[in-house]
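This report describes how secondary-structure elements pack and pair in the model shown below. The account begins with helix packing and then turns to the sheet and a salt bridge.

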Amino acid sequence: MGRWGSEAQATHCREGEAGHNVSLVGTMGDTQMSQTISTVNQGIAKQGACASRQNLDVQAGGGPPLLVNESSLVRIRMLAEGDPDLVFISLAHRIDLYLLKKSFRKVRKSKSFGVDKITAKEYANNLDENLYNLYQRLRRGQYVATPVKRMWIDKEGGKKRPIGIPGLEDKIVQRAVATILNTIYEVDFYDFSHAFRKGHSQHKALHELRERCRKLNIGWIVSADITGLFDNIDHGYLCDLIKRRVNDGGILRLIGKWLNAGVMEEGILSYPGKGTPPRRSDFTRAFKCISSLCA
């Protein structure tokens with residue numbers, strides 16, 4: 001299988017080969033619509049799903065047979081930790097059946113659904129074939145992001161806050177990409193940065209603040225906030241920020257599709273042109289985490 005991504009503009013290094021200048025050439029084409037699967041392709045998908053089921057669910061030698069995928073993420077983290085200026089240009093091929101299935105298992109299994117009107121329970125009825133079909137569309141550049149369904153929930157003081165619900169397959173792929181991005185960007189943060197990071201929370205931030213004030217005898221605190229940062233962040237600036245560490249054509253193309261997929265509200269589709277839609281997904285947290293580097 002060929003690697004994904006457009007021709008790399010910067011040839012820093014690829015994952016697994018730090019210190020080498022490697023130019024990668026590949027394609028991840030765009031299509032306007034996902035093609036309907038033919039009867040022949042359905043048969044191929046079924047065969048591929050059976051193979052993936054054996055690889056993903058059957059343990060050999062007392063351990064999962066595709067542990068190499070886990071070890072590759074560890075390798076990526078080690079490279080990111082070892083060189084803060086390292087730019088990764090070959091990552092999209094890590095979105096394989098193993099990572100897609102792992103991502104599906106971690107997707108919130110609520111009854112709510114996006115514009116696609118597909119629930120996790122329905123998708124799981126034919127999980128292996130569905131994931132294989134998704135994987136093939138990603139590989140061929142035929143994956144199309146669906147608009148985010150916007151809903152409003154009540155807040156204190158009578159105000160309302162918008163939330164967005166992506167389509168199920170969007171959630172799965174976003175989770176997979178977020179897993180890769182978080183592995184790289186996590187090492188760039190200081191320990192006292194607690195926003196949108198796994199293992200961190202506002203409670204941990206308040207605890208650390210209290211302890212530092214007590215130990216250092218601090219008597220005053222300045223609180224500052226950027227109003228509407230994630231609603232107004234420039235898409236081009238966000239992508240430029242991501243490219244400082246990840247300049248993979250396949251990953252950037254997926255991010256572009258999600259940013260430009262639009263928002264569906266009460267049957268009306270709009271394209272904000274800026275900001276990150278308020279989605280219920282791990283990828284939104286990854287966006288916010290990366291954006292915090294420049295906040």
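A crossing is called left-handed if the near helix is turned anticlockwise from the far one by less than a right angle, and right-handed if it is turned clockwise. The model is predicted, so that local features need pLDDT of at least 70 and side-chain atom pairs count only at pLDDT 80 or more, while totals for chains, interfaces and linings use all residues. Residues are numbered from 1 along each chain as its sequence is written, and side-chain values use heavy atoms, with hydrogens and water left out.

Helices (H or I, at least four residues) and strands (E, at least two) are DSSP runs, numbered from the N terminus. Axes are lines fitted to C-alpha atoms, for helices over the stretch in contact, and angles between N-to-C directions run from 0 to 180 degrees.

| Helix pair | Axis distance | Angle |
|---|---|---|
| H3 (residues 97–106) and H6 (residues 168–185) | within 8 Å | roughly 110° |
| H5 (residues 127–140) and H6 | 12 Å | about 70° |

The angle between H3 and H6 makes H3 roughly perpendicular to H6, a class that covers 65 to 115 degrees, whereas angles under 35 count as roughly parallel, over 145 as roughly antiparallel and the rest as oblique. The crossing of H3 and H6 is right-handed. Where heavy atoms lie within 4.5 Å, which defines a contact, H3 contributes Leu 99, Leu 100, Ser 103, Phe 104 and Lys 106, and these meet residues of H6 including Ile 172, Val 173 and Ala 176. By class, this contact has 8 nonpolar, 2 polar and 2 charged residues, where Ala, Val, Leu, Ile, Met, Phe, Trp, Tyr, Cys and Pro count as nonpolar, Asp, Glu, Lys and Arg as charged, and the others, Gly among them, as polar.

H5 and H6 are likewise roughly perpendicular to each other, and H5 passes H6 in a right-handed crossing. Asn 130, Leu 131, Leu 134, Arg 137 and Leu 138 of H5 meet Glu 169, Ile 172 and Val 173 of H6.

The open sheet has 4 strands in the order S2-S1-S3-S4, with mixed pairing, two strands being paired if DSSP finds at least two bridges between them. Its edge strands are S2 (160–165) and S4 (268–270). Strand S1 (residues 148–154) pairs with strand S3 (residues 263–265) in the parallel sense over 2 bridges.

The whole structure holds 9 salt bridges, each a side-chain nitrogen of Lys or Arg within 4 Å of a carboxyl oxygen of Asp or Glu. One of them joins Asp 128 and Lys 101 at 3.2 Å, N to O, and links helix H5 with helix H3 across 27 residues.
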